[in-house]
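My notes follow the order in which I checked them.

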Amino acid sequence: MTPVAQPSAEATRGLGGVSLLRVLGRRWLAIVIAVVIGAALALILAKRQAPVYQATGRVFLSTSDAALGGGSVDATRVVQTQAQFAASTAALDLIAEQLKVSRPYVAKRVKVTPSAGGYFFTIVGSGGTDEQSVRLVQATESAYQQLLSQYGADSSGAVDRLTKLRDETYKNLQRLQAQQAALPRNADEQVLASQISNLNSQIADLNRRIPEAQVNAALRAGSVTLAEAPRSDGKVAPQLFRDALVGALVGMFLAAAVVWCAYLRRPTVLDGRGAALALDAPFLVEIPDRRGSGLPTDTLVSAMSAVLAPTVKVVALVPAMRGDLGVDLVAAVCASWSDDQGVVLIIDASPEPDVRATLEHLPRAVSGELPRWAHEPTCLARSSGTGRGHLLYNRVAPARAARPGGLAPILADRAPVVDLVILLTPALSELPTTAVSAAQADAIIVVASGDSLLKELSRVPRHWPALAGRIVGVVFDGRSGVRRSARNAAPARAADDVVGPIVGAGGRAASAPGASSRASMDAGRRRRGDREATDRYVRPTGKH
């Protein structure tokens, strides 16, 4: 079969209107697990982290024009400059010298932050104990004030330099005056007089500037209005609650991102209408994911029967993906259908032969109205559980069903003497095998789940229009994959646990004496790997 080309817009059928909350809600368990793991890892890391204590202190600066350097200077910039000055390399070296530690140790644990709304900056010190953090803040304040008095244009150092320069100039003046007194009167006397006059002018200027520098140095030292005593903030790290909350949030966001990216990479069905839209088929019914509740068998059968024509004899139940069609759903639907139709023949051509194990727990068929081949080893005959219908089961090799007309001899032999034939085929994702098998049925009902891929479903109407034309409805199994396959993993479960959901409201199963023990023996043989005659179809030689 050659795929039929369709417009590329159809490739996104069923992909529009995707809700992030619905996608995340489908994987809520994975997100919860990620949150728990993130919180646990954060707590483990927090427990291994060394305790950190913190102390703070503020240094308030004077707002006078003399302290700030004139009215034209931006006070905010002055505060920022002073904060950087307190955290300069010279200050760090002085702090390290006072505390007898290395400069990187101080730089890592001292932080100076200028205020955005006031004339002060904050010193924050961190240490392994309260005492260490307090000492760091004290040493930083002391180093800042010491450097403030030593450096700058109007600092005490400038006064000392001016005083030293004046003294040297005065010595030069005295030397020139001595030379002038020793020399006779000649032309050189005028040169010496000029030099002496220049030195006198320099000394007079230095004598004027030294008092001004002394006053400015005093004002500069007084630019610090208040240096607060360090205040201990206590233990700041680790904070178990905060770290656990951050770890949980990180785990949640990472899990949500992974889930969303995985969905965008492989979009899956969010609900039954999305699957029906992708297949361009009617949506029949949705099985809710409610714990403690059985299958809505009556609703399922009524919805399926409503879309079948009276002349339909062979109905194919096709899973959208492997694992979408649970064996409990097959057994429940077939048993309820047999109560209404009479005799239902199940032809199992799926690659997962797990339906037979569930049907073995039903009571053996005792009705004489069944065809003779129903009691032969090639067929499994069981009562529906209420006594009003019967189920016949035949296993057919998927390779034979995948051949064109491969089921024709079986249907010709056995379909006329039963009331309804249920054909189980491979999943739609296993095309073209499914197309050949399901095309031999009169009608197709697709069973999808939250694990079904939208791209696999949307390509069926585009590439296999003949198969899509036989699809009469879509059933959405909203249960999780674990709940759908829970019964598949334990075929040897007690009969009441397996048959209970199949019987439904129709009554209790009436099992023949020894039927339960025989079913258990049959299940045991299958678990041991014994080859059963019912695992293959053998055409009967006698009359029906």
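Predicted model: local features only at pLDDT ≥ 70, side-chain atom pairs only at ≥ 80, totals over all residues.

**Entry 1: a helix pair.** I looked up α11 (residues 272-279) and α18 (residues 454-463). Two packed helices are described by the angle between their axes and the distance between the axes. Here the axes come within 7 Å and cross at roughly 35°. Which residues meet? From α11 I listed G274, A275, A278 and L279. On the α18 side they meet L454, L457, S458, V460 and P461. I then sorted this contact by class: seven nonpolar residues, two polar and no charged ones.

**Entry 2: α11 and the strands.** I followed α11 to the strands it lies across, which are β6, β12 and β13 (471-477). Its direction is at about 150° to β13.

**Entry 3: the sheet.** I traced the strand order as β6-β13-β12-β7-β11-β8-β10-β9. These eight strands form an open sheet with mixed pairing. Which strands stand at the edges? I found β6 (283-287) and β9 (380-383) there. Each has a single partner strand, so one side of each has no neighbour in the sheet. Neighbouring strands are turned by 20° against each other on average, with direction ignored.

For P319, the bridge partner in β12 is V447.

**Entry 4: α13.** I checked the length of α13, residues 327-341. At 1.5 Å a residue, its 15 residues should span 21 Å. The end C-alpha atoms are 20 Å apart, so the length agrees. I looked at cover next: 13 of the 15 residues are buried, and α13 is mostly covered. After the helix comes G342, with a positive phi near 115°.

**Entry 5: Q82.** I located Q82 in α4 (residues 75-86). Is Q82 buried or exposed? Its relative accessibility is 14%. The cut-off for buried is under 20%, so Q82 counts as buried. Which residues does Q82 touch, leaving out those up to four places away in sequence? I noted L61, F121, Y144 and L148. With Y144 there is also a polar contact of 2.6 Å between the side chains.

Technical notes: Residues numbered from 1 in each chain as written. Heavy atoms only, no water. Helix = DSSP H or I, 4+ residues; strand = E, 2+ residues; numbered from the N terminus. Expected span 1.5 Å × (residues − 1). Buried < 20%, exposed > 50% of the residue type's maximum accessible area, 1.4 Å probe, protein only. Polar contact = N/O pair within 3.5 Å; in protein donor to acceptor, adjacent residues only side chain to side chain. Contact = heavy atoms within 4.5 Å. Pairing = 2+ DSSP bridges. Axes fitted to C-alpha atoms, helices over the stretch in contact; angles between N-to-C directions. Nonpolar A, V, L, I, M, F, W, Y, C, P; charged D, E, K, R; others polar.
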